[in-house]
Amino acid sequence: MKIIGRKTEQAELTRLYQSSQSEFVMVYGRRRVGKTHLVREHFKNRFDFYMTGIARGNRAEQLMNFRSTMLTYSEKIGQTTPANWFEAFSQLQQLLTLSQSKRKVVFLDELPWIDTPKSDFVRALELFWNAWASARTDILLITCGSAASWMVKNIAKNHGGLHNRLTYRMKISPFTLGECRLFLHEKGIRWENKMIAECYMVMGGIPYYLNLLEQGLSLAQNIDRLFFTEGALLEGEFENLYASLFNNSEEYIHIVNALSKKKVGFTRNDILQATKLSDGGSLTRRLEELEQCGFIRKYKTTGSVNYLYQLVDFFSLFYFTFLKGGDTYDSDNWMHLMGSPTYRTWTGLSFERLCMSHLTQIKKALGISGISTRTYSFYSHDAQIDMVIDRGDHLVNVCEMKFTDQPFTITKPYAERLRQKMYSLANALPKRRGIHLVMITTQGIHPNEHSINLVQNTLLLDDLFDG
């Protein structure tokens, strides 16, 4: 399939290819997000050397994989398996020296898999870049990996020979809603925006999952087919996802499982109590790695001294809500769940996450893209606001998000709660600011005396598809 979206990333890859100096690029992002597809399709698989690591392979297997890959480029150089990674990169240097390409593109994929314990892979990569490639002007070295935490620690924040050697970092994020719609259209699937949004709340904007959707089936049929039928295509995907990214993945799953139980998230102490994990640097590292991989976010609320950690990965939230512990199969399971209290709670929470992940689109719809803003959450003893957009023009947008099948009606009790929220926020702000209430809904607002007196802006789900 052709590349969908990724216009900024493609422009950067073109710029890096046309650069007059050697470039060392790190491409990273969560598993299944389309990193490899982007690089391969952009360069039309025209590489001077392209190798991908073997999942759970040992050092000897990775080096044998290097040799077999080298043989596809040069039978002469790849006649023997290198004894170590220093010898392997020496062979790569020979290959590139003989290459007639004006710009020599090297793509090393899944580096975390290649770097097995005590393999010296990273040190050999350091020597290759520092002693040879960086001194030339014709090398484009692209490194890639799904274990974002490994990539950041060992490549981007390397304290050894690769310190400050990267020339460009490219994080590949999940698709936006608009990109998901383009992707589905390319597959011949033309659902209404609300159905696409619900699909996003199940899978996130992960191309691999979206590619498994079958044309001609409804969303409910597809969800049953992928998750709830015996032998479903994504059965076991949750465990495989975490195991592929983290050693001792069970401890990471304990953390996200705990976070799935509380909407606003937990403090570090809350996590310790909920998981019974030991305190210390290992917990800090696990939280950082989960954040770098996009599973959780770390944030502070107004007036709080402690950080909160919140689960923001759509697939994980869906798993803990509907799949964890399930061992019965029903061909119409999702259809039966729709409309249940659990379903309504999940859609409300997931829609809030959906809006938070589309802040750029919200600002555009409000006409404030060019205004400096600070976005945060506000919690007090009598108010909870998930999205506050504090604007440089001295206005504050309080965003309320509602996922409904019909236009949302603001009742008198709900209007009173909204006024209490804005009153509490106004008292907490350092100086008097204008506060505007923004309602973000799937089907709009039913106009009545409460909405007319309260709501300054109404955004629709369709606005989140713009851009």
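Phe238 is buried in this predicted model, with a relative accessibility of 2%. Phe320 is buried too, at a relative accessible area of 13%. Under the cut-off used here, a residue counts as buried when its relative accessible area is under 20%. Phe238 belongs to helix H12, which spans residues 237-245, and Phe320 belongs to helix H16, residues 314-323.

How are the rings of Phe238 and Phe320 placed relative to each other? A pair of aromatic rings is described by the distance of the centres and the angle of the planes. For Phe238 and Phe320 the centres are 5.2 Å apart and the planes stand at 75°, so the pair is edge-to-face; planes over 60 degrees apart are given that name.

A second pair lies within H16. The ring centres of Phe318 and Phe322 are 5.4 Å apart with the planes at 45°, so this pair is tilted. Phe318 and Phe322 are four residues apart in H16, which means that about one helical turn separates them. An α-helix has 3.6 residues a turn, so residues three or four places apart point the same way. Both Phe318 and Phe322 are buried. The count of aromatic pairs in the model comes to 41.

Aromatic rings also take part in another arrangement, with a charged group over the ring. The charged end of Arg32 sits over the ring of Tyr208, at 3.8 Å from its centre. Lys298 lies over the face of Tyr307, 4.3 Å from the ring centre.

The next stop is helix H3, made up of residues 59-73. With 15 residues, H3 reaches 22 Å from its first C-alpha to its last, close to the 21 Å expected at 1.5 Å a residue. At its N-terminal end H3 is capped by Asn58, where a side-chain oxygen lies 3.2 Å from the backbone nitrogen of Ala60.

Which residues of H3 are buried? They are Gln62, Leu63, Asn65, Phe66, Thr69 and Met70. Seen down the axis of H3, these buried residues fall within an arc of 155°, so they line one face of the helix. Met64 and Thr72, on the other side of H3, are exposed. The cover over the buried residues of H3 includes strand S2 (49-52), helix H4 (85-98) and helix H5 (111-114).

H4 has 14 residues and reaches 20 Å from first C-alpha to last, close to the 20 Å expected at 1.5 Å a residue. Its N-terminal end is capped by Asn84: a side-chain oxygen of Asn84 lies 3.1 Å from the backbone nitrogen of Phe86. The buried residues in H4 are Trp85, Ala88, Phe89, Gln91, Leu92, Leu95 and Leu96. Around the axis they cover an arc of only 150°, which puts them on the same side of H4. What covers them includes S2, H3, strand S3 (104-109), H5, H6 and strand S4 (139-145).

Strand S4 contains Cys144, which is buried at a relative accessible area of 0%. What does Cys144 contact, apart from its neighbours within four places in sequence? The contacts are Val27, Lys35, Phe107, Leu108, Asp109, Glu110, Leu111, Pro112 and Met151. Pro112 is 32 residues from Cys144 along the chain, and their C-alpha atoms are separated by 8.7 Å.

The loops remain. Ser19 has its place in the loop between helix H1 (7-17) and strand S1 (23-28). Ser19 is buried, with a relative accessible area of 19%. Not counting residues up to four places away in sequence, Ser19 touches Arg103 and Thr137.

Most residues other than glycine have a negative phi. Lys44, in the loop between helix H2 (35-42) and S2, has a positive phi of about 55° although it is not a glycine. Lys44 is exposed, with a relative accessible area of 53%. Lys118 is found in the loop between H5 and helix H6 (121-131), and its phi is near 60°, again a positive value in a residue other than glycine. Lys118 is exposed at a relative accessible area of 84%.

Definitions and conventions. Residues numbered from 1 in each chain as written. Predicted model: local features only at pLDDT ≥ 70, side-chain atom pairs only at ≥ 80, totals over all residues. Heavy atoms only, no water. Phe/Tyr/Trp six-rings, centres within 6.5 Å; stacked < 30°, edge-to-face > 60°. Helix = DSSP H or I, 4+ residues; strand = E, 2+ residues; numbered from the N terminus. Buried < 20%, exposed > 50% of the residue type's maximum accessible area, 1.4 Å probe, protein only. Lys NZ or Arg CZ within 6 Å of the ring centre and 35° of its normal. Expected span 1.5 Å × (residues − 1). Arc of directions from axis to C-beta. Contact = heavy atoms within 4.5 Å. Polar contact = N/O pair within 3.5 Å; in protein donor to acceptor, adjacent residues only side chain to side chain.
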